[in-house]
Each structure stands twice: as structure tokens, then as C-alpha cells.
Amino acid sequence: MGTFVGHFVPGLAFTFLGLWHTICTIKCYKLKGPSHFTSTTWFPINTRNHFIKHLELYLLFTFSIVVIILQLINHPFQALNYEHASMYLHVALYSFLAIVIDLSPSSSSLSGLVTTLAASVFAQELLLLHFHSADHVGLEGHYHWLLQLIVAASVVATFLSGISSNSFPAAIVRSGCVILQGWWFMVMGFALWMPKLLPKGCHVENGEVACDSEEITKRAMAVANLEFSWAVAGVWVVVAFLTLRLDWKLEYRQLQGPTVRESDGLKLVNRLDNGVGLV
């Protein structure tokens, strides 16, 4: 069971989040270089204002709470709604604890805990998708199975970025998987819940997608495989374009003479450590 809005809105949010992470990861890598790069699961905005600095986390927390409330208000006694709400509960916990940890005196030593929390968000999402009470079958089940592949890749990439925090490939794969998950949510919304876009011979019956024959179901699954392949290709085209074309350059403030003083370099390093978000 599902709706177009229920897939499109979260998909759009995931897409924007993934793009933000991709741009910031590339910027951080180009600014710090391979030897000083450190991956992170969220990106602060470089400002003294506490709220704006943690804007990404506040938006994640607010969005998750709103979704949880909507899930519990609509059909509050259905297990399916509790499963969806539980997915966003972990997102809310991650964003809240990430803010608390960043504000603590020992935030630098607890960065690994934030990465572990992010990995647990994807892991429990994979668990709830795999053992979904809706028991998706047929075409709808195939779309959800492909979604599980994306989430599984997100778990692995996040776990690897925690083990090797200076790994740019792990960080960029994690960001790309977030974009891909958002795109696939939106593809599911259009392909399954827009009657005009349903494959010929398939229809929505009692809130579920059904096809008239096994042959039609297999043909629709083959189309879904092509859509998935194209979505993966599209994501990596975007990531490659951003990586190759966005040329972030260091700008040094020369206080005396044409060369950069050591104190200026220290100021630049401190600025990078305080946040790499766009300003």
C-alpha cells in the first residue's frame, strides 16, 4: 500500500539531501586534499549562529517528526504505519544526537559515534523494508526489492566511511546512494501510483498494484530493471560532473607580501575544521 505523495515528498527530500552531501563532500576533499580529508555524515554551515550552523540536522529532525505524526494520525492501528514511523524515528534520533554531540566538549572524539548512528539508520530501514508487514509481491514487491539494494549499499558505504574516515570513495558513494534512494522513491511514486503511468495490463486494486497475467508482470519488472539501471547511471553522471567540474579553489588572504604566512595557513585550517558548508 502507498500513495504518490508518500513516495514523492520523501524522495525529493532525500534527493536534495544527497546533492547537498555530494557537493559538500567534494568541496571538503578539494579544500583539504587527500591527506587531510575526513568524511562526515552531516555538514555544518560556516557561521557563528548555532541554528544556521546545524540547519541540516534541524531540518532532518523536523521533517522526521512531521512524518511520524502524519503516519500515526492516518490509520493509527495499522502495523504498516508504525513501521514507516519507526524508520523516521531513527532519523530523528540521529539528527538530535548529532546536534547534542557536536555541542559537547568532546565532539571531535565522538565523531565515530555519529557515523555509527547514521549507519544504524540505514540498517534499520533495510530491516523494516525486508520484513515489511505489507508483504509486497509482484511488481510492487520488485520495486521495493530494488530499493533494498540501494539501502544495503548505503549501509556498507556508511560503515566503510566510519572505518576509514579519510576515504573519499566511501564518502562519495554514500552521498550518491542518498541521491539514488531519493530518485528511486520518486520513480516508485510515478510508476506505481500514477494510473496513467502504470504498465499496460496493470492497475491499482485495493491500494495495491496488480497485473492481469504473469507475462505482463514479468514485462513490467523488466521495465523496472531498466528504470533502476538508468537511475544508477544518472546519479553517477551527476556525481562525476560535480567532481570534475566544480573546481573549488583555496583563497588566501595575503596580509603581508605575496606569500602566505604560516599564521594564515593555520587560520584556514581552523576555518575548515569548524565547517565546510557553503556560505
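**Helix packing chat**

Reader: Hi! Which residues in helix 5 meet helix 6, and which ones do they meet?
Author: Thr-115, Ala-118, Ala-119, Phe-122, Ala-123, Glu-125, Leu-126, Leu-129 and His-130 in helix 5 meet His-144, Leu-147, Gln-148, Val-151, Ala-152, Ser-154, Val-155, Thr-158, Ser-161 and Gly-162 in helix 6. Contact means heavy atoms within 4.5 Å, and helices (H or I, at least four residues) and strands (E, at least two) are DSSP runs numbered from the N terminus.

Reader: And what's the make-up of that contact by class?
Author: The contact of helix 5 with helix 6 has ten nonpolar, eight polar and one charged residues. Here Ala, Val, Leu, Ile, Met, Phe, Trp, Tyr, Cys and Pro count as nonpolar, Asp, Glu, Lys and Arg as charged, and the others, Gly among them, as polar.

Reader: Before we go on, what kind of model is this?
Author: It's a predicted model, where local features need pLDDT of at least 70 and side-chain atom pairs count only at pLDDT 80 or more, while totals for chains, interfaces and linings use all residues. Residues are numbered from 1 along each chain as its sequence is written, and side-chain values use heavy atoms, with hydrogens and water left out.

Reader: Thanks! At what angle do helix 5 and helix 6 cross?
Author: They cross at roughly 160 degrees, and the axes of helix 5 and helix 6 (residues 138-163) come within 9 Å. Axes are lines fitted to C-alpha atoms, for helices over the stretch in contact, and angles run from 0 to 180 degrees between N-to-C directions.

Reader: So parallel or antiparallel?
Author: Helix 5 is roughly antiparallel to helix 6. Angles under 35 degrees count as roughly parallel, over 145 as roughly antiparallel, 65 to 115 as roughly perpendicular and the rest as oblique.

Reader: What about helix 4 and helix 5, how do they pack?
Author: Helix 4 (residues 79-103) and helix 5 (residues 111-130) have axes 10 Å apart, at an angle of about 180 degrees. That makes helix 4 roughly antiparallel to helix 5. Residues in the contact include Glu-83, His-90 and Tyr-94 of helix 4, and Gln-124 and Glu-125 of helix 5. By class, the contact has 13 nonpolar, three polar and two charged residues.

Reader: Where is Leu-110 found?
Author: Leu-110 is in the loop between helix 4 and helix 5. Leu-110 touches Ile-101 and Ser-104, if you leave out residues up to four places away in sequence. Its C-alpha atom is 9.6 Å from that of Ala-98, twelve residues apart along the chain.

Reader: How accessible is Leu-110?
Author: Leu-110 is partly exposed, with a relative accessible area of 29%. Buried means under 20%, exposed over 50%, and partly exposed in between (1.4 Å probe, protein chains only).

Reader: And Gly-162, which helix is that in?
Author: Gly-162 sits in helix 6 and, at 41% relative accessibility, counts as partly exposed. Gly-162 and Ser-111 are 51 residues apart in sequence and 9.0 Å apart in space, C-alpha to C-alpha.

Reader: What's the angle between helix 6 and helix 7?
Author: About 165 degrees, with the axes of helix 6 and helix 7 (residues 168-193) 8 Å apart. Helix 6 is roughly antiparallel to helix 7, and their contact has 20 nonpolar, five polar and two charged residues.

Reader: Zooming out, how many helices and strands does the protein have?
Author: Nine helices and two strands, running α-α-α-α-α-α-α-β-β-α-α from the N terminus on. Of the 279 residues, 42% count as buried.
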